[in-house]
Amino acid sequence: MKNRIKTKGIHEAISNKTAYFFMVFLIIVVPIVYFNQIGDKVLLPRLLVLSSVLLMLGIYVFSKRRYSFFDLSAIKNFLALFAGLYFISIVFSFLQAYDFREGIIVFIKAFNVLLLMVFLPVLFKNTDVWFKKISTLVIIASFIALCIGYYQYFTLVFSEANKYLPDGRDTNYLVKGLMAHKNQFSISLLLQLPFLVYAIVKLKGLWRIAGIISTISILILLLILQTRSVWTALGVMILFSVITLLINYRKFGLRKIHRNTALISISILALLLSLAMFAKSDYGNVYLYKLQTITDVNAYNNTFRVKILGATVDLIKDQPILGVGAGNWKFGISDYFGDLHFEQKDFNWLRPHNDYLWVWSEMGIFGLLFYLGIFVSAFYYGIKTIRKNKNQESKLIALLLLSGILAYMIVSLFTFPLERINQQLYIGIYFAGIISLNLKNVKPNKMSLDKRIIYYPVIIILLFGIFYSYSIIKQEYHVIKAIAYTNNGNWNEVIKETQKAENPLKVLDVRALPIEYYYGMAYAGLNNHKKSIEYYSSALNASPNNITVLNNLGQEYYKIGEYKKAISYFDHALSIIPTFTESLVNISTSYYQLGRYRKSLNALKKVKKESLSDAMTGNMKALRKILKKSRNESKDRK
């Protein structure tokens, strides 16, 4: 009997240490991975590390030395079922894709989240106080993120006299932490809050103090960063948590005085919020202005989102069942720009800024239903734990996990956490936590299949994910070098770097420009117009509605005197973005060469006033003189 107890204790100790080892990598190491010498400095490097950690975790989970069988109970639930079906819908969407290679990264990310949902509950089930351990790691991770964020704020924003960037945005956009954008940085901080709240409530001593400091610091930084989607999500998270506690206050061991205090507090908060929303404000009070513009579709920052969402809805209407294929939204969306009066500054949107519409447009209605099914299942199991589980610790954990999941769902309405590794990592941990709570009352289900049927496919896909991430990082590294040489006019080096950047697994860079585009630029710079046209045409085949490629291809035809052909490409670009200044100027020049002065003048008239240069104004005057002279000559002949 003593030997059995001793063996059990050793097994639990091993599980605790192993779980903690992997969670250190997932929560602390992955979010700080950053490679400065590529376009998107965080996406692929973190995907590479995450896939590597999951490979180690997969080998551990399936190891005979650790487990005599794999616990199928981690898979036999609706949450994992819908996640698996969503993953399958991604695979089938490749059949619809214009270029399935753009969906490979979607495939890998979805598979990684699925594995987090399946593997982590196996560790959590054999590990004591797993939520406590995760909370301590999140405190450390939050301190790292906050140090970087506040350092950037005080060095780049607070001490800066000019409060606006050259492109018109607020300087607080410079505060990115170790993320690619300040909004995604805000979301990553938001998703840490459930664990920090647990630390405040349940931990003791220095950990509790650290949790309080970190929570307050995050709330202050979220206020400074002014990310409206995060403000909205935070408000909904608090409201959901309070209402759940009010309804189930006895189940959480609270007394009536706690319930009444919460009711009074939330009533006062709602009143203050209402007054703030309807108070008179202009941009002078930036925080009040930002708060009020959350619901104002005509606000400056919202008009772009409304346009892109409208275009995405139109895309969905044409292909609602099957979608356009994973990763292929960027190919299909530009067909819907013309009627929505997009401008050139709107064209850098590579995502619809709404994950639900993004999933529907790419994976079709079934992909969307499976995706939503994951969240519905999480709430089903979480609420079930709150209402039926007798353990108050489990109830609290379920409430915190659900609040985090709800916050993720809210920000998904306004931005794209589905793309970012940090956000996918946290939502995977949330889902795994919900599954783990549900497993406490479920008997282990021994795998009846040969373990190798699951083991080898999992390992192969993870190895492919590692290879893919590494190879595309290399591609991006050489693309950045090619861009640097382009800016210096070193065209031969551009060609060399572009050759190194070629990769059969991906043809577009992070700016959605085809790799062949850089060949086209290089040969254009070398005045080899035949070669340039060849590569620009290949680039256009890779991305048929890319206005930059269309414009440059038109320029090359102009240089060799094929003005009509040049006009066709400029015209194509202008059908997508009617205000594209460069194409308007180019098509005007082409019409001039053909002697079609009226069309040349009309093209220049379409250039926005703020984009008009002195040269353009001079050309317009010259064209009017030519047209006037032509009219006078016509009258004289009569």
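**Exercise 1.** How many aromatic pairs does the structure hold?

*Solution.* The structure is a predicted model, in which local features need pLDDT of at least 70 and side-chain atom pairs count only at pLDDT 80 or more, while totals for chains, interfaces and linings use all residues. Residues are numbered from 1 along each chain as its sequence is written, and side-chain values use heavy atoms, with hydrogens and water left out. Rings of Phe, Tyr and Trp (its six-membered ring) pair if their centres lie within 6.5 Å; planes under 30 degrees apart count as stacked, over 60 as edge-to-face and the rest as tilted. The structure holds 34 aromatic pairs.

**Exercise 2.** Classify the pair of Tyr-153 and Phe-158, and state the exposure of each residue.

*Solution.* Step 1: the ring centres of Tyr-153 and Phe-158 are 6.0 Å apart and the planes stand at 50 degrees, so the pair is tilted. Step 2: buried means under 20% relative accessible area, exposed over 50%, and partly exposed in between (1.4 Å probe, protein chains only). Step 3: Tyr-153, at 15%, is buried, whereas Phe-158, at 52%, is exposed.

**Exercise 3.** Treat Tyr-356 and Tyr-371 likewise.

*Solution.* Step 1: this aromatic pair has 6.2 Å centre to centre and 55 degrees between the planes, and is tilted. Step 2: Tyr-356 has 12% relative accessibility and counts as buried; Tyr-371, at 4%, also counts as buried.

**Exercise 4.** Which ring does the charged end of Arg-351 sit over?

*Solution.* The criterion requires NZ of Lys or CZ of Arg within 6 Å of the ring centre and within 35 degrees of the ring normal. The charged end of Arg-351 sits over the ring of Phe-416, 4.3 Å from its centre.
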